[in-house]
Amino acid sequence: MKKIVAIVIAVVTLLTMAGCEKKLEADGTPVNDLLLESGILKVGMELKVPPMEALDEEMKPVGFDVDLIYAVAEKLGVKVEIVDTTEKNLLPSLGAKVYDCAISTIPITEDNQKEYYVTRPYADITLVKDQISNKEAEGQLGIFVSRKNGQLMLRIDKALEELRSEGKVSKLSQQYFGTDITEGL
């Protein structure tokens with residue numbers, strides 16, 4: 001009887017330890033599952049670039065990127081907390097873990113892909129840059145995530161693809177720009 005109890009305790013201990021094993025990113029850093037634990041996706045945005053992202057009269061975030069990130073969060077089963085920041089601090093604050101991801105008319109460039117993970121493009125604003133308050137904004141846009149959180153980038157990218165295939169991203173594009181800025185991506 002003592003042997004059976006000892007075996008059961010050993011098996012339970014091994015199973016418990018296996019469940020506590022840390023998952024690792026490709027670079028060996030632990031997978032950040034805090035999003036799932038907290039239930040909140042913290043998002044960095046510069047809320048001064050209408051119609052992409054801005055504050056309305058009641059100081060609530062509105063715009064294409066705002067609606068898109070809320071749709072992504074819904075797919076992930078979490079709530080959104082938007083952190084307003086400056087264009088200069090958008091990506092550096094992401095690296096400093098001020099928020100989980102950044103979406104704010106950030107073009108995908110070779111330089112920023114060296115420092116951060118980025119989803120596949122969700123929009124190309126080249127043809128509508130005259131409608132955006134940041135006239136220098138141009139190119140394909142992505143959602144950026146810290147290099148220490150590749151799993152989150154994969155989850156966000158999957159949610160974006162689902163939204164794109166459902167026509168949600170195109171519908172938002174038509175709503176804010178009167179044209180499809182997702183076409184051909």
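Good morning. A residue is called buried when its relative accessible area is under 20%, and exposed when that area is over 50%. I begin there because the terms buried and exposed, in that sense, run through this talk. The structure before you is a predicted model.

Let me start with the whole protein. The model contains seven helices and ten strands. Of its 185 residues, 41% are buried. Among contacts with a separation of 6 or more, 66% join residues 24 or more positions apart.

As to confidence, the average pLDDT is 83, and 78% of the residues score at least 70. Residues 4-22, however, have a pLDDT below 50, and this stretch has one contact in the model beyond near neighbours in sequence. Residues 27-31 also stay under 50 in pLDDT, but for them the model has 13 contacts beyond four places in sequence.

I turn now to helix H7, which spans residues 168-177. Which of its residues are buried? They are Val169, Leu172, Ser173 and Phe177. Viewed down the axis of H7, these buried residues fall within an arc of 105°, and they therefore line one face of the helix. After H7 comes Gly178, with a positive phi near 75°.

H3 and H6 also deserve attention as a pair. Two packed helices are described by the angle between their axes and the distance between the axes. For H3 and H6, the angle is about 110° and the axes are 9 Å apart. Angles of 65 to 115 degrees count as roughly perpendicular, and H3 and H6 are therefore roughly perpendicular to each other. On the H3 side, the residues that meet H6 are Leu68, Ala71, Val72, Lys75 and Leu76. Their partners in H6 are Arg155, Ile156, Ala159, Leu160, Glu162, Leu163 and Glu166. By class, this contact has eight nonpolar, four charged and no polar residues.

Next, some details of the backbone. Most residues other than glycine have a negative phi, and most peptide bonds are trans. Pro51 lies in the loop between strand S2, residues 48-49, and strand S3, residues 53-55.

Met59 is not a glycine, yet its phi is positive, about 65°. Met59 sits in the loop between S3 and strand S4, residues 61-62. Is Met59 buried or exposed? Its relative accessibility is 58%, so Met59 counts as exposed.

Lys97, likewise a residue other than glycine, has a positive phi near 65°. The loop that holds Lys97 runs between helix H4, residues 90-95, and strand S6, residues 101-102. With 64% relative accessibility, Lys97 counts as exposed.

Tyr122 is buried, because its relative accessible area is 0%. Tyr122 and Thr182 are 60 residues apart in sequence, while their C-alpha atoms are 6.2 Å apart in space. Thank you for your attention.

Conventions. Residues are numbered from 1 along each chain as its sequence is written. This is a predicted model: local features need pLDDT of at least 70, side-chain atom pairs count only at pLDDT 80 or more; totals for chains, interfaces and linings use all residues. Side-chain values use heavy atoms; hydrogens and water are left out. Buried means under 20% relative accessible area, exposed over 50%, partly exposed in between (1.4 Å probe, protein chains only). Helices (H or I, at least four residues) and strands (E, at least two) are DSSP runs, numbered from the N terminus. The arc is that of the directions from the helix axis to the C-beta atoms. pLDDT is the predictor's confidence in each residue, from 0 to 100. Contact means heavy atoms within 4.5 Å. Axes are lines fitted to C-alpha atoms, for helices over the stretch in contact, and angles run from 0 to 180 degrees between N-to-C directions. Angles under 35 degrees count as roughly parallel, over 145 as roughly antiparallel, 65 to 115 as roughly perpendicular and the rest as oblique. Ala, Val, Leu, Ile, Met, Phe, Trp, Tyr, Cys and Pro count as nonpolar, Asp, Glu, Lys and Arg as charged, and the others, Gly among them, as polar.
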